[in-house]
Amino acid sequence: MNKILIIGAGRSTSSLISYLLKQSLTHDWHITVADTNLQLAETKIKGYKNAKAISFDVNNAAQRKAAVGAADFVISMLPAFMHGDVARDCVSLGKHLATASYVSNDMNDLNAEAKKSDRNWTQLSTEELQKYLSSYSGGSSSSSSSSKTS
């Protein structure tokens, strides 16, 4: 995992972005922060040469698929009702996905669909996600519930 895409740069994402940026120096990660407000995303990555900010519209399918396709691991910090398209792109492109939201009906339906595919798909609890991220960072993580594809 080298390229991490974080979708959403709002207040609830600040600690996550800061943590991953600090860890990225040790683990040679490239962080992309995507938000509708490019200036906000740019302030979150200020001072990190291995990070970039992009203007991002989750409803722009071509832009969303390009951003997801360029990442190894996607973290969606969008509201729960907005995860569906991102998750479907992750499943179709074989990308890992973590969200900080409860598991909606849309995500449960996608979980069943993903399990039918040839990809390994697992819904992770908060604790499981922390262990997963720790395997890449050598320490503990500050994230929430997740879905993962590979």
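Modeller: Among contacts between residues at least 6 apart in sequence, 55% join residues at least 24 apart; contact here means heavy atoms within 4.5 Å. This is a predicted model, in which local features need pLDDT of at least 70 and side-chain atom pairs count only at pLDDT 80 or more, while totals for chains, interfaces and linings use all residues. Residues are numbered from 1 along each chain as its sequence is written, and side-chain values use heavy atoms, with hydrogens and water left out.

Biologist: What is the secondary structure of the protein?

Modeller: There are 6 helices and 7 strands, in the order β-α-β-α-β-α-β-α-β-α-β-α-β along the sequence. Helices (H or I, at least four residues) and strands (E, at least two) are DSSP runs, numbered from the N terminus.

Biologist: Why is Ile31 called buried?

Modeller: Buried means under 20% relative accessible area, exposed over 50%, and partly exposed in between, with a 1.4 Å probe and protein chains only. Ile31 has a relative accessible area of 0%, so Ile31 is buried. Ile31 is in strand 2 and touches Ile4, Ile6, Leu20, Leu21, Ser24, Asn50, Ala51 and Lys52, not counting residues up to four places away in sequence.

Biologist: Why does Asp28 count as exposed?

Modeller: The relative accessibility of Asp28 is 60%, and therefore Asp28 counts as exposed. Asp28 lies in the loop between helix 1 and strand 2 (30-35). Its phi is near 55°, a positive value in a residue other than glycine.

Biologist: How do you know that the span of helix 1 (residues 14-27) is close to the expected one?

Modeller: The expected span is 1.5 Å times one less than the number of residues. Helix 1 has 14 residues and reaches 20 Å from its first C-alpha to its last, close to the 20 Å expected. Buried residues in helix 1 include Leu16, Ile17 and Tyr19.

Biologist: How many bridges join strand 4 (residues 73-76) to strand 5?

Modeller: The count is 4, and the two strands run parallel. Ile75 stands opposite Ala98 in strand 5. His96 and Ala98 point one way from strand 5 (residues 96-99), Leu97 and Thr99 the other way, and all are buried.

Biologist: What makes a crossover right-handed?

Modeller: With the strands pointing away from the viewer, the path from the first strand over the helix to the second runs clockwise. Strand 4, helix 4 (residues 83-93) and strand 5 make a right-handed β-α-β unit.

Key
Two strands pair if DSSP finds at least two bridges between them.
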